[in-house]
Amino acid sequence: MSSPDPVTARRGFFWTGIERLDGPWGTVVRAPMYVEWEEPEEVTQPYPLVLIHGGGGQGLDWMQTTDGRAGWSTLLVERGYKVYVVDRPGHGRSSFHPDVIAPMGAPFPFQAGVGIFRSPTEGPMSHPTAHLHTQWTGTREDDDPALEAIVVSSGPMPELKVSQELDQSRGAELLDRIGPAVLMTHSLGGPAGWLIADARPDLVKALVAIEAIGPPFAEHPQLGLTLDYGLTAAPLTYDPPVDDPAELGGEPRRLPNLAGIPIAVVSAEASPFVHFHDDMVAFLMQAGCDVDSLRLADHGVHGNGHAMMLEANNVQALEPIARWIEAKVAA
């Protein structure tokens, strides 16, 4: 449970990825990543957590629920962690200009919010476990305040292969600055976790992939995204090496840089993403990874959709994830 007493904390912010680019406007910064951090008066956990948001969202997704309760970043600070919350390049407080980063994708519509986050039980975006979604905090009407909060905080995304390459570069720079950490990713932020760990395997103590985009090698034409490298659109390190992702042929090879990192694949029972949960776990196992399947329902946490960190039982939904981290990661 969240503490009824205030937690004294220190906080601050900075940017990584101060890459200079010359253009007709002069010299500008290309695709920085905003990083906000907070720590309790006494840090009791051995490694910090880096929280990486999904989709067209931003770090605010971790900070507060859509109905105003404490988000996971606050709950984790209360648990003794130093927490870093990022706005991925081109999202939130990380500046985005299409002439500087990459072409801009479509804006995020209410219809996508309904399909991904609100689990409709009828229509083309329904799915077999949508009826289990009981933890949504909104009204499910057209003027649903929970859905409005998600859509209003979501923006257009850069071209996704470029976006993932930037996530990797800026995330690796963050770990170079702060040292070893645990990565926690969500949804379309999932590729950032795989790629940052691939670039800095010695600095990633564990990786929690919450509802990461998939299944392996999937095509998502509505997003302009194909997971050419299995888990990502940007290149991953394989053994044997791959010069062209077509060489993979949709089959797993060993992922040597991820193989030594404890990984949890997390899914919620009423999410559309739960239906490829086992495919993600099997792919990682076949690639030689140390992976655990963490279905929230198997731990007594029921009724959640894709964004459990924003839902009515977000405190309970965090608990099995935090316990997994603390069991896997020692000083």
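Leaving aside its neighbours within four places in sequence, which residues is Thr232 in contact with? In the predicted model, Thr232 contacts Gln164, Pro191, Trp194, Leu195, Thr226 and Leu227. Thr232 is placed in the loop that lies between strand β10 (225-226) and strand β11 (262-267). The relative accessible area of Thr232 is 0%; since residues under 20% count as buried, Thr232 is therefore assigned as buried.

The protein chain as a whole contains seven helices and twelve strands. Its radius of gyration is 19 Å, close to the 20 Å that the globule rule gives for 331 residues, so the chain is as compact as a globular protein of that length. Along the principal axes, the C-alpha atoms occupy a box of roughly 50 × 45 × 45 Å. Buried residues make up 54% of the 331 residues of the chain. When contacts between residues at least 6 apart in sequence are considered, 72% of them join residues at least 24 apart.

The charged side chains comprise 21 positive and 43 negative ones. The centres of these two sets are 6 Å apart.

Among the strands, β2 (residues 19-23) and β3 (residues 26-30) run antiparallel and are joined by five bridges. These two strands form a hairpin, with two residues between them. Gly23 has Gly26 in β3 as its bridge partner. In general, the side chains of a regular strand alternate between the two faces of the sheet.

Helix α2 spans residues 110-117, and its buried residues are Ala112, Gly113, Gly115 and Phe117. The packing partner of these buried residues is α3 (145-152). As a general point, an α-helix has 3.6 residues a turn, so residues three or four places apart point the same way. Just after α2, Ser119 adopts a positive phi of about 55°.

How values were computed:
Residues are numbered from 1 along each chain as its sequence is written. This is a predicted model: local features need pLDDT of at least 70, side-chain atom pairs count only at pLDDT 80 or more; totals for chains, interfaces and linings use all residues. Side-chain values use heavy atoms; hydrogens and water are left out. Helices (H or I, at least four residues) and strands (E, at least two) are DSSP runs, numbered from the N terminus. The radius of gyration is taken over C-alpha atoms; the globule rule is 2.2 Å times the number of residues to the power 0.38. Buried means under 20% relative accessible area, exposed over 50%, partly exposed in between (1.4 Å probe, protein chains only). Contact means heavy atoms within 4.5 Å. Lys and Arg count as positive and Asp and Glu as negative; His and the chain ends are not counted. The place of a charge is taken as NZ of Lys, CZ of Arg, CG of Asp or CD of Glu. Two strands pair if DSSP finds at least two bridges between them.
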